[in-house]
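Reader: Hello! Could you take me through the contacts and charges here, one question at a time?

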Amino acid sequence: MTTTPSTFTRPELICPAGTPAGLRAAIEAGADAVYCGLQNATNARNFPGLNFSVKELTEAVAYANARNAKVLLAINTFPPAGKFDLWKDAIDTAARLGLHAVIVADIGVAAYAARTYPELRVHLSVQAGASSPEAIRYYCEEFGVKRVVLPRILTVTEIADIHRQIPCEIETFIFGNIGMMAEGRCSLTNYITGISTNMDGVCSPAADVRYEETADGTLTTRLGGVMIDRFGCNESAGYPTICKGRYTCAGKSEPYYAFEEPLTLNLSSLLPDLMRAGVTALKIEGRQRSRAYVKAVVSAYRKAVDDIMAGREVALDSLIALTEGSKESQGAFRSKTWR
Amino acid sequence: MRALPIPLMLVQPILATIGSRVASGRPELFERLGHHAQKCFVIDPIDLPFVLALRPVPEAPKLTAHRRSDLPAHDACIAGSFINLFDMIDGALDGDALFFSRDLRITGDIEAAVALRNALDDLDGSIFDDVGTAFGPFSKPAALAIAGLRSLRGRSRS
């Protein structure tokens, strides 16, 4: 792939960190910015043993500042009635610690941030599901949003079209969860477990997950007692989420991936197109993943972006070993008919 | 990798030293585990003739070896080849990727297993390097053994 660097603005590489060690790994691997969450329901990766205490976040900001990297705080869940104080505290913490930006989804949280801390940079989370110029402009006008993280349902052509019609920056996912559900609206986990992905911050809570493997190597995954999938001994597995299960459906003779398949978004070959479309920031998903994942993926994309900017041939290291289901896809970014 | 049976009584003092070294050197591990620190984890290197039982209680963590025929009561079990488990704990392999490729099996209390994975992953550097220095005159051979294991990295999966 050859490129024409003069037509591009250098995009930021936005990388995940589930732990302080993950944050340091991301920055050492070349992240321009790292996004993370607090150890509570204010972020959409509220998993056991994951995320940052206020003390750890304080140290992370100092570490990043010393290396010219930015730290963004994901406060991207929706406060249930009567529990808004936890989200206010998260915004207060971000402002007090001098984080580069907060990534919010809820309009109440966005309003609190915008009115209480006018200098605090607000990014609109993918969880807000803002996919039209009209919706994005509303967030910009009402809450001073500086950047929108676009849902993973748009083609590159559509992204370019949106870019021409909005007053803020665009961030798109380039690697990780394919996120094909209506983002911020998914209630599948809630339906099965009573715990909300969007308000509790947990998709498929680990406490409700069970794996059973028989002597012949067949693996059965269950969430809240409901069987999601059964993998043969030579089949790759995916996350135990309802949206990636196989189900018997009308018109299908075999159990079928009715929602989406377990696979990973990988837009390495679309990077120049995304940059040409006006994307300001390229986001890698995976705060729940290890520092080994962070190091490998961030390093590969750091090199790819630098190669593009320098007009060099891009040869991204293979990341297939890190993909869900050992499969990768360009999802809707290439075409709406990808399935 | 196939190993000859090892008398467990020879392994237990080494494991006890590892447990106390981690407790004194990496207290942040226990903070991140939260209430899961009270649980028992079986770590099963499927190509070795014994399994490890970890009770990461902050005041007195215990790491012991057991025959598969004599498993202790436990909350969660994490099983994989020795080299994959070594690389994952060493921060060189991604646990989710090992699960996707079916090279890692997790059963029992998945929340506890996820908490342990995340707590171990937050340890900068290598926990093996830490414990390698805990063996006095044997620290150098321990370091050589760790280096030897790292040199195997990737070969077992190629």
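Reader: How many residue pairs are in polar contact between chain B and chain A?

Author: Happy to start there. This is a predicted model, where local features need pLDDT of at least 70, side-chain atom pairs count only at pLDDT 80 or more, and totals for chains, interfaces and linings use all residues. Side-chain values use heavy atoms, leaving out hydrogens and water, while residues are numbered from 1 along each chain as its sequence is written and chains are lettered from A, ligands numbered from 1, in the order in which they are written. A polar contact is a pair of N or O atoms within 3.5 Å; within protein, one must be able to donate a hydrogen and the other to accept it, and residues adjacent in sequence count only if both atoms are side-chain atoms. With both residues at pLDDT 80 or more, the count between chain B and chain A is 18 residue pairs.

Reader: Which element gives the largest share of the side of chain B that touches chain A?

Author: Helices (H or I, at least four residues) and strands (E, at least two) are DSSP runs, numbered from the N terminus. On this side of chain B, α4 (95–100), β5 (104–108) and α5 (110–121) each supply at least two residues. The largest share, nine residues, comes from α5(B).

Reader: Are R32(B) and E56(A) buried or exposed?

Author: These two form a salt bridge, with their closest N and O atoms 2.9 Å apart. The pair crosses between chains, from helix α2 (residues 28–33) of chain B to helix α2 (residues 54–65) of chain A. Buried means under 20% relative accessible area, exposed over 50%, and partly exposed in between (1.4 Å probe, protein chains only). By that rule, both R32(B) and E56(A) are buried.

Reader: Why does K336(A) count as partly exposed?

Author: K336(A) meets E158(A) in a salt bridge at 3.0 Å, N to O. The pair links distant parts of the chain, 178 residues apart. E158(A) counts as partly exposed because its relative accessibility is 29%. K336(A) counts as partly exposed too, because its relative accessibility is 48%.

Methods:
A salt bridge is a side-chain nitrogen of Lys or Arg within 4 Å of a carboxyl oxygen of Asp or Glu.
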